[in-house]
Amino acid sequence: SYSTFEYSDFKLSDTAMTKDGKLVASAKIKNTGKYKAKEAVQFYIRDVKGSCVRPVKELKGFEKIELDVGEEKTVSFEITEPMLRYWNQKLEHVSEKGQFQVFIGKDSTCAPFASFELV
C-alpha cells in the first residue's frame with residue numbers, strides 16, 4: 001500500500017462463547033497516510049492451551065477495504081465454534097473448551113487485543 005493505516009477501538013462482543021453461540025470481533029481502521037489506498041484487514045485466532053500442538057495464530061478471515069485520506073471504517077468478523085475446530089490425534093474434528101486470543105491487524109505480527117473462553 002502507498003499509505004499508512006491505524007487500527008483502534010478493538011471490541012469483542014463478549015468474553016465467553018458456548019458451542020452453539022457466536023461472538024463478533026471488530027476494529028476501526030483509519031487511513032492516516034497521504035493517499036487513498038486499500039488495506040487487507042486480517043483476522044487471526046489462537047488457541048492458548050490445547051491438548052494438541054496448534055499453530056500460534058490461524059488466519060480465520062480477511063476483508064479488503066479502500067479508504068480515502070482520513071477516512072475510517074469499522075470492520076467486523078464473526079466467530080463461531082466451527083472456526084475453533086481442528087483434527088485431533090484420533091482424527092476427530094473437534095473444538096476444546098478453553099481460552100482463545102483474537103487478533104485483527106495488517107499481518108500476522110499484530111498483537112492480541114482480546115480473549116474469550118469457549119465454555
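Author: Take Asn-31 to begin with: this residue is buried, with a relative accessible area of 1%. Bear in mind that the model is a predicted one.

Reader: Why is Asn-31 called buried?

Author: Buried means under 20% relative accessible area. Asn-31 has 1%, so Asn-31 is buried.

Reader: Where is Asn-31 placed?

Author: Asn-31 belongs to strand β3, residues 22-31.

Reader: Which residues is Asn-31 in contact with, leaving aside neighbours within four places in sequence?

Author: Among them are Ser-3, Phe-5, Ala-37, Leu-67, Asp-68 and Gly-70.

Reader: Now Ile-45. Is this residue buried or exposed?

Author: Ile-45 has a relative accessible area of 3%. The cut-off for buried is under 20%, so Ile-45 is buried. Ile-45 is found in strand β4, residues 37-47, and its contacts beyond four places in sequence include Lys-57, Ile-79, Leu-84 and Phe-103.

Reader: What lines the largest cavity?

Author: Ile-45 is one of the lining residues, which also include Arg-46, Asp-47, Glu-58, Met-83 and Phe-100. About 30 Å³ of space lies in this cavity. The largest share of the lining, 3 residues, comes from β4. By class, the lining residues divide into 4 nonpolar, no polar and 5 charged.

Reader: How do you know that β4 and β9 pair?

Author: Two strands pair if at least two bridges are found between them. Here 6 bridges join β4 to β9 (residues 98-105), so the two strands pair; they run antiparallel. As an example, the bridge partner of Gln-42 in β9 is Gly-105.

Reader: What is the order of the strands in the open sheet?

Author: The 5 strands come in the order β2-β10-β9-β4-β5, with mixed pairing.

Reader: What makes β2 and β5 edge strands?

Author: Each of them pairs on one side only.

Key: Residues numbered from 1 in each chain as written. Predicted model: local features only at pLDDT ≥ 70, side-chain atom pairs only at ≥ 80, totals over all residues. Heavy atoms only, no water. Helix = DSSP H or I, 4+ residues; strand = E, 2+ residues; numbered from the N terminus. Buried < 20%, exposed > 50% of the residue type's maximum accessible area, 1.4 Å probe, protein only. Contact = heavy atoms within 4.5 Å. 1 Å grid on protein atoms, 1.4 Å probe; cavity = no way out; pocket = protein on both sides within 12 Å on 5 of 7 lines; lining within 4 Å. Points joined across faces, edges and corners; volume = space filled by probe spheres on them. Nonpolar A, V, L, I, M, F, W, Y, C, P; charged D, E, K, R; others polar.
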